[in-house]
Amino acid sequence: MSDTARSSRWSSSLAELRQQIRTPQPLVEGEVIRMVGLTLEAAGCQAPIGSCCRVAVEQGADIFAEVVGFAGDRLYLMPIGDIRGIRPGARVIPLGQASEVFVGDALLGRVVNGAGHPIDGNGPIDGEIHVPLLGQSTNPLQRKPIREPLDTGVRAINSLLTLGRGQRIGLFAGSGVGKSTLLGMMTRYTNADVVVVGLIGERGREVQEFVAEILGPQGMQRAVVVAAPADDSPLMRMHGAWRATAIAEYFRAQGLNVLLLMDSLTRFAQAQREIALAIGEPPVTKGYPPSVFAKLPQLVERAGNTASGGTMTAVYTVLVDGDDHNDPVADAARAILDGHIVLSRQIAESGRYPAIDVEASISRIMPSIVDANNLQLARRFKSIYSTYEQNRDLISVGAYQPGSDPRIDQAIRCQPMLETFLTQEVNDPVNMANSQQQLQQLSSQWQQVVQEPQQQ
């Protein structure tokens, strides 16, 4: 066979293969043959990964499920809602479409669940705009640089851990150290056009408290709350996180400044772990399968700025069980976020709120959005604070002899001023300008503290 004939035959075969790939495959119904935990196995069914299926139930409403895996001629389905009523041999009807998210201004002031259904008792939500649940991250070269500071109303953050519009920050905390309180302060005092709150895998009681007490009627006017509490299915919890992100993306595309608050990123990872283990994915790191660490950046990378002019600042809470900051999810989150704010149990127990551990926290965007003087003052503050904390035990037991180290002597004299600066009442917001001004005034007091021993 000549080279020309061989090339022509190869081109023809390649064209046929491309046509086969582009031709939609038929959707074939099947039946439920097995159920293990929350996972359904369907035989004789053909549907792509991520698509929805309807499981027919004889009594009651049909159940919807999503294709999460397959093995041979079997599909693995994860129910989105309640699974009561499913029996062996139940019909599985592929719908041929992936989950979508309703978006629009009608969502403002509303509370929806992970499936997008309103749960606030204020009637249905009307609208015709739908976007894919699993959107795509922004092209790295089309991301608008972060150059504008974000005023959070929290003095310690504004002056020492300055955030920027479009930044993705992690709020690392154990249980009972003021995480929800700090999140509420940032919700009320941050200057944003729209606030999207995702309450993922948390206690159902916290949903009502967040809506009624933290946001309140005034805050709800510019807010959208997506609630997928702990008793929801793992797929519903994951959909809640994706849905909150998709809603925030829509408002960002309108050129608005959006604040996305997600509580918590850890529950999202745990939901993916439940799904992955249920379909047989092996755990690799403390019970977490590899897909968990692939899903985290897929969610987080959708936040940030775009060339269209809108901004999307995201705050993700990360639970550190047993105050272990080397937890796999916490470690992975630190690597993909633009900084982290750590809340300390020891500081909370001492009575200082917000219990921000300045020594362990960092904002990677801060050097690019504040002037050199403010950056120098913040570094000086951290240096004095760190010096005292590193020698706290010696100072407390009286083992340190004054005059042994001038740096420690200065830290001891400045420590009460630092604690006062870091303490802030919940109902006492401090804007960006006042935060920087008070840091400058604190710097003047440092100089007096240093000069007084020299004059004596």
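These legends describe close-up views of a predicted model.

**View 1. Six strands form a closed barrel.** The strand order is S1-S2-S5-S4-S3-S6. Pairing in the barrel is antiparallel. From one strand to the next, the twist averages 45°.

**View 2. Strand S3 pairs with strand S4.** S3 covers residues 51-55, and S4 covers residues 63-71. Four bridges join the two strands in the antiparallel sense. Cys52 has Glu66 of S4 as its bridge partner. Cys53 has Ala65 of S4 as its bridge partner.

**View 3. Strand S4 also pairs with strand S5.** S5 spans residues 74-79. The pairing is antiparallel and runs over six bridges. At one of these positions, Val67 has Leu77 of S5 as its bridge partner.

**View 4. S4 and S5 form a hairpin.** Two residues lie between the strands. Gly72 takes a positive phi near 65° in this hairpin.

**View 5. Helix H3 is largely enclosed by the rest of the structure.** H3 spans residues 179-189. Why is H3 described as largely enclosed? Eight of its 11 residues are buried, so the rest of the structure largely encloses the helix. Buried here means under 20% relative accessible area. The buried residues of H3 are Lys179, Leu182, Leu183, Gly184, Met185, Met186, Thr187 and Tyr189. In an α-helix, residues three or four places apart point the same way, because there are 3.6 residues a turn.

How values were computed:
Residues numbered from 1 in each chain as written. Predicted model: local features only at pLDDT ≥ 70, side-chain atom pairs only at ≥ 80, totals over all residues. Heavy atoms only, no water. Buried < 20%, exposed > 50% of the residue type's maximum accessible area, 1.4 Å probe, protein only. Pairing = 2+ DSSP bridges. Axes fitted to C-alpha atoms, helices over the stretch in contact; angles between N-to-C directions.
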